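Here is a short report on one structure. Take a look at the sequence and the fold before reading on.

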Amino acid sequence: MAINSEDIPVLIGLEGDLDGRRWMLHQALVFGRDESCDITIPNRQVSRRHARITITEEGILLEDLRSKNGTHRNGKPISGPVLISDGDLIHIALAQKFVFMSADATLPLDPEELVDVSTASKGLLRLEVRSRRVWIGDQEILPPLSASQFRLLEILYNQKGQLVSREEVMSRVWGQDDAIGISEQALDALVRRLRDRLASIDPHHAYVVTVRGHGLRLDNPIQ
């Protein structure tokens, strides 16, 4: 499957020896302990040639290469080739974790946007731009938020409790040109999905607050 050079999916290492490393999916990638693999994982639990990601007409396929300790997607072992989606977590023998980001979730390349803002506040909710990870307290939100959910949360997070107008949110989430065709209902649905994801970790606090007639703000309580 041909992929536009400006619109390429990405795989990011989470935790383990490869934490923070990124691989753009221009072509098939093989995971394994052997140094000849595209992604080498130096761990005895990992087979020499453990798993493979392939670009196909149907999408991005993940398959286990008859490894000894298996390959997991979102916590479940795979028995055959499976299509992976934006935000899916991939475990190689439970020794190394990766997150897959589809083309619309590719991280920005502007160095200013790659600043780690996880220490930007002392609030209970924390996020990290580079890996698109979010924590509430000590618990990480898994699987990760979708690209649009994370972008919305990031916009509110960086305002540190200040109000952001609905027009500005829509423009920054979808882009100024695309936002023209986005309905108010689409934003409401996005806000609702984000609230549901945050409530899965902390159902007792409303982090995303709607100020009727004005906009949105993040209520991030101090730890």
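Arg151 is partly exposed, with a relative accessible area of 25%. Buried here means under 20% relative accessible area, exposed means over 50%, and partly exposed lies in between (1.4 Å probe, protein chains only). Glu154 is buried, at 10%. The side chains of Arg151 and Glu154 meet in a salt bridge, 3.1 Å from N to O. A salt bridge is a side-chain nitrogen of Lys or Arg within 4 Å of a carboxyl oxygen of Asp or Glu. Arg151 and Glu154 are 3 residues apart in helix α1, so about one helical turn separates them. Helices (H or I, at least four residues) and strands (E, at least two) are DSSP runs, numbered from the N terminus.

This is a predicted model: local features need pLDDT of at least 70, side-chain atom pairs count only at pLDDT 80 or more, and totals for chains, interfaces and linings use all residues. Residues are numbered from 1 along each chain as its sequence is written, and side-chain values use heavy atoms, with hydrogens and water left out.

## Other salt bridges

Side chains of opposite charge can pair when their charged atoms come close. The count comes to 9 salt bridges. One of them joins Glu63 and Arg52, with the closest N and O atoms 3.1 Å apart. Glu63 lies in strand β6 (residues 60–64) and Arg52 in strand β5 (residues 51–55), so the pair ties together parts that are 11 residues apart in sequence. Arg52 is partly exposed, at 26% relative accessibility.

Arg166 and Asp188 form another salt bridge, and their closest N and O atoms are 2.9 Å apart. Arg166 belongs to helix α2 (residues 166–174) and Asp188 to helix α3 (residues 184–199), so this pair ties together parts that are 22 residues apart in sequence. Arg166 counts as buried, at 18%. Asp188 counts as partly exposed, at 35%. Elsewhere, Asp19, Arg133 and Glu140 are linked in a network of salt bridges.

## Helix α3 and its neighbours

Helix α3 has 16 residues. From first C-alpha to last it reaches 22 Å, close to the expected 22 Å. The expected span is 1.5 Å times one less than the number of residues. The buried residues of α3 are Leu187, Ala189, Leu190, Val191, Leu194, Arg197 and Leu198. They pack against β12, β13, α1, α2, β16 (208–211) and β17 (215–218). Contact means heavy atoms within 4.5 Å.

How do α1 and α3 cross? Their axes come within 10 Å and cross at roughly 85°. Axes are lines fitted to C-alpha atoms, for helices over the stretch in contact, and angles run from 0 to 180 degrees between N-to-C directions. α1 and α3 are therefore roughly perpendicular to each other. Angles under 35 degrees count as roughly parallel, over 145 as roughly antiparallel, 65 to 115 as roughly perpendicular and the rest as oblique. Ser148, Gln149, Leu152 and Leu153 of α1 make the contact with Leu190, Val191, Arg193, Leu194 and Arg197 of α3.

## A three-stranded sheet

An open sheet of 3 strands runs in the order β12-β13-β14, with antiparallel pairing. β12 (125–128) and β14 (139–140) stand at the edges with a single partner strand each, so one side of each has no neighbour in the sheet. Two strands pair if DSSP finds at least two bridges between them. β12 and β13 (residues 133–136) are joined by 4 bridges. Arg126 stands opposite Trp135 in β13. Helix α1 (residues 147–158) lies across β12 and β13, at about 115° to β12.

## Strand β1

Strand β1 (residues 10–14) is mostly covered, with 5 of its 5 residues buried. In a regular strand the side chains alternate between the two faces of the sheet. Val10, Ile12 and Leu14 are buried on one side of β1, and Leu11 and Gly13 on the other.

β1 pairs with strand β2 (residues 22–24) in the antiparallel sense over 3 bridges. Val10 stands opposite Met24 there. β1 also pairs with strand β11 (residues 96–101), antiparallel over 5 bridges. Leu11 has Phe100 as its bridge partner in β11.

## Val164

Val164 sits in strand β15 (residues 164–165). It is buried, with a relative accessible area of 1%. Leaving aside neighbours within four places in sequence, Val164 is in contact with Ile155, Leu156, Gln159, Val169, His214, Gly215 and Leu216. Val164 and Leu218 are 54 residues apart in sequence and 9.2 Å apart in space, C-alpha to C-alpha.
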